[in-house]
Amino acid sequence: MQAIYAMHQSGSDDLEKQEKFLQASLENILDLYLIMLSSLVEIRKKEIEYIEIAQKKHLATPEERNPNQRFVNNPILVALEESNSLSIALEKRKINNWQANDDTILLLLQDVKQSDLYQNYMAKKAVTFEEERFFVVDMFSELIAPNDKLYSYLEDFKLTWVDDIPVVNTQIQKQLRHMSADSDLIKVPAIYKDEEDKDFASALFRKTVLNESELAKEFIDKTPNWDVERIAELDTIILKMAICEFLKFPSIPLKVTINEYLELAKEYSTPKSSLFINGILDNLVKDFQKNNRVNKAGRGLI
């Protein structure tokens, strides 16, 4: 959607260039995932450094000589540090953001240590593995993921990440919640499920752009109460993409297409767009089915 919108705004017809940008943006989601997940590793490292420096102070306090090391010994954080999958991915993708910008990590660590969540966690006499895991999940969800300083850094570093941050954070939270005492090493997920999944984005982009005029004709007559030129541009793009899926992607269920594009409309377009788009798509589906224009393959795809 954004790639097509960018083409419209720039007036460009360089399909190959925009497709390459689209693929690069998808690939970069993995970098964002690695940066967000490795922030937990780096925060722990900074706290270890702080503890070691404090212990070596000439006039160290009893608390500094014998610090509470529950945080740095948290089994989830230790598992992330020891994860070969994460280490290999960071090296392969050349992710060294926190080494070059450790001030952001220091700010995150400061916010974590000043939080009630951290204070309550450190004050407990004993904790179970489940409590250790809950702490890391809550720390990431409540203190790191929504942190304004971190968000500003990511936005400045790569603008295309703004819309990817919620997806990445949800994935990380899901993985952290499923870590267990028996198998606590995290695995870096693949960007694509398979080659078909990888090809889908390019196929949808190309088939929509190359057939925009024909796709537009499908809904123009279905908007008698609307001046076509006054329909929000994002709405027209969403409609074209949805119709493209209806007619040119037999493996995607009609209901899945409608639900996905209604979510896009709610997130990116005008307040009334989802109702407008839902009405148009619902009428189109009935018309396509009546005239045998949809050819969905497989069970449950209608």
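**A close look at helix H16**

A: Let's begin with a crossing: H15 passes H16 in a right-handed manner. Please keep in mind that this is a predicted model. Helix H15 covers residues 254-268 and helix H16 covers residues 273-290; their axes come within 9 Å and cross at roughly 160°. An angle over 145 degrees counts as roughly antiparallel. That is why H15 is described as roughly antiparallel to H16.

Which residues make this contact? From H15 come Leu254, Ile258, Leu262, Ala265 and Lys266. H16 contributes Ser273, Ser274, Ile277, Asn278, Leu281, Val285 and Gln289.

Now turn to another partner of H16. Helix H14, residues 233-248, packs with H16 at an angle of about 25°, and the two axes are 11 Å apart. Angles under 35 degrees count as roughly parallel, and H14 and H16 are therefore roughly parallel to each other. Here, too, the handedness can be stated: H14 passes H16 in a right-handed crossing.

On the H14 side, the contact is made by Asp235, Ile238, Leu239, Ala242, Ile243, Phe246 and Leu247. On the H16 side you will find Ser273, Phe276, Ile277, Ile280, Leu281, Leu284, Val285 and Phe288. This contact of H14 with H16 divides into 13 nonpolar residues, one polar and one charged.

For some context, here is a helix pair from elsewhere in the chain. Helix H2 (residues 15-55) and helix H5 (residues 84-92) have axes that come within 11 Å and cross at roughly 125°. That angle makes H2 oblique to H5. Their crossing is left-handed. Leu34, Leu37, Ser38 and Val41 of H2 make the contact with Leu86, Ala89 and Leu90 of H5. Six of the residues in this contact are nonpolar, one is polar and none is charged.

H2 also has a bend to look for: a kink of about 30°, centred on serine 39. As for its length, 41 residues at 1.5 Å a residue should span 60 Å, and the end C-alpha atoms of H2 are 60 Å apart, so the two values agree.

Methods: Residues are numbered from 1 along each chain as its sequence is written. This is a predicted model: local features need pLDDT of at least 70, side-chain atom pairs count only at pLDDT 80 or more; totals for chains, interfaces and linings use all residues. Side-chain values use heavy atoms; hydrogens and water are left out. Axes are lines fitted to C-alpha atoms, for helices over the stretch in contact, and angles run from 0 to 180 degrees between N-to-C directions. Helices (H or I, at least four residues) and strands (E, at least two) are DSSP runs, numbered from the N terminus. Angles under 35 degrees count as roughly parallel, over 145 as roughly antiparallel, 65 to 115 as roughly perpendicular and the rest as oblique. A crossing is left-handed if the near helix is turned anticlockwise from the far one by less than a right angle, and right-handed if clockwise. Contact means heavy atoms within 4.5 Å. The expected span of a helix is 1.5 Å times one less than its number of residues. The bend at a residue is the angle between axes fitted to the seven residues ending there and the seven starting there. Ala, Val, Leu, Ile, Met, Phe, Trp, Tyr, Cys and Pro count as nonpolar, Asp, Glu, Lys and Arg as charged, and the others, Gly among them, as polar.
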